[in-house]
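Try each task on your own before you read its solution.

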Amino acid sequence: MVAFCFSPTSLYEFYLRRCFTASGLSSQTVDIDHQTTIHFWGPTTASIKPVLLLIHGFGPVCLWQWRRQVQFFAADFDVYVPDLIFFGGSTTKCTDRTEVFQAVSIGKLLEKMGIERYAVIGTSYGGFVAYHMASMWPERVEKVVIASSAVNMVRSDNEELLKRAKVKKIEDLMLPRTAEQLRTVTSLAVYRRLPMLPNFFWNDIIDKLYSDNREEKKELLKGLTLGREDKTSISPLKQEVLIIWGDHDQIFPLKKAFELKEVLGEKAKLEVIKKTAHVPQIEFPERFNAIVRNFLCA
């Protein structure tokens, strides 16, 4: 007799897939070169609508981070939602582990799809990728949304984050192995008080969402080019930039948003969403989507 193992995480992911499919997106995989394969969700057939690229943060795959944005924007945009390398079905034989390589790879994906112009939204780690794409290809990237992403971070920001999380290594926060570690990162990422869930639920999430490619993801964390120095080295972008932040973000505190706006210059606009933390697109999607739509359609 086969034992039945109930997984709330797998059940909810089935729901997420149905949401993406109902919005007109399908799961697709493309070899962008002889070394790298990218999995993404995108339109089955391209249209004349403008293209919107959504880049996820460090954590679960793209399905878990952009549901409400896919449902909202798919009517007016051709929405593309890739899994970054070593997340989901995206992988590479290349040894480069920088966020710049992630940006180059997503750029190659869009070239393969015949997409010449697009807007991009990146959250957290995905914001690093979005920044590099906009910096490298101003002729392709029309507008940029950087959400909860301290692309201006310096070495001391990483040190302060470890203190807030009460961990010694960044992988203990970003790649949790235990229910307690997952509770810690979640409590820093969301504003609302966490529900009292048994360890079974937290461990199921770890097993389904944090178990794959752990060593490669550690290398991604070590490979970050941003935040290595005592002073930020980023430059203003040529595009209009929308910065969105939660006022209670404990991963990248709100002060980094104001500093980033100053660094990016007069073309950057900052919007702060109250009573949200590191994932305002999930905690207050109606407000987040309205702000982004007004920016993209202006």
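**Charged pairs and a greasy patch**

**Exercise 1.** Look at E13 and R17: what kind of contact do they form, and how far apart are their positions in the helix?

*Solution.* Start with the atoms: E13 and R17 make a salt bridge, and their closest N and O atoms sit 4.0 Å apart. Keep in mind that this is a predicted model. Finally, check the surface: R17 has a relative accessible area of 36%, so it's partly exposed.

**Exercise 2.** Find the partner of K218 in a salt bridge, then decide: is K218 buried or exposed?

*Solution.* The partner is E215, with 3.4 Å between the closest N and O atoms. Now use the cut-off: buried means under 20% relative accessible area. K218 has 19%, so it's buried. E215, at 46%, counts as partly exposed.

**Exercise 3.** Which parts of the chain does the salt bridge between D230 and R155 link?

*Solution.* The closest N and O atoms of D230 and R155 are 3.0 Å apart. The pair ties together distant parts of the chain, 75 residues apart: D230 is in the loop between α9 (214-222) and β8 (240-246), while R155 is in helix α5 (residues 155-165). D230 is exposed at 58%, and R155 is partly exposed at 36%.

**Exercise 4.** Which residues form a nonpolar surface patch with F200?

*Solution.* They're F6 and L11; together the three have about 300 Å² of accessible area. F200 itself lies in helix α8 (residues 199-209).

Definitions and conventions: Residues numbered from 1 in each chain as written. Predicted model: local features only at pLDDT ≥ 70, side-chain atom pairs only at ≥ 80, totals over all residues. Heavy atoms only, no water. Patch = residues over 30% accessible without salt bridge, like charges linked within 9 Å, V, L, I, M, F, W, Y side chains within 5 Å. Areas by Shrake-Rupley, 256 points an atom, 1.4 Å probe, with all protein chains shown as cover. Salt bridge = Lys/Arg side-chain N within 4 Å of Asp/Glu carboxyl O. Helix = DSSP H or I, 4+ residues; strand = E, 2+ residues; numbered from the N terminus. Buried < 20%, exposed > 50% of the residue type's maximum accessible area, 1.4 Å probe, protein only.
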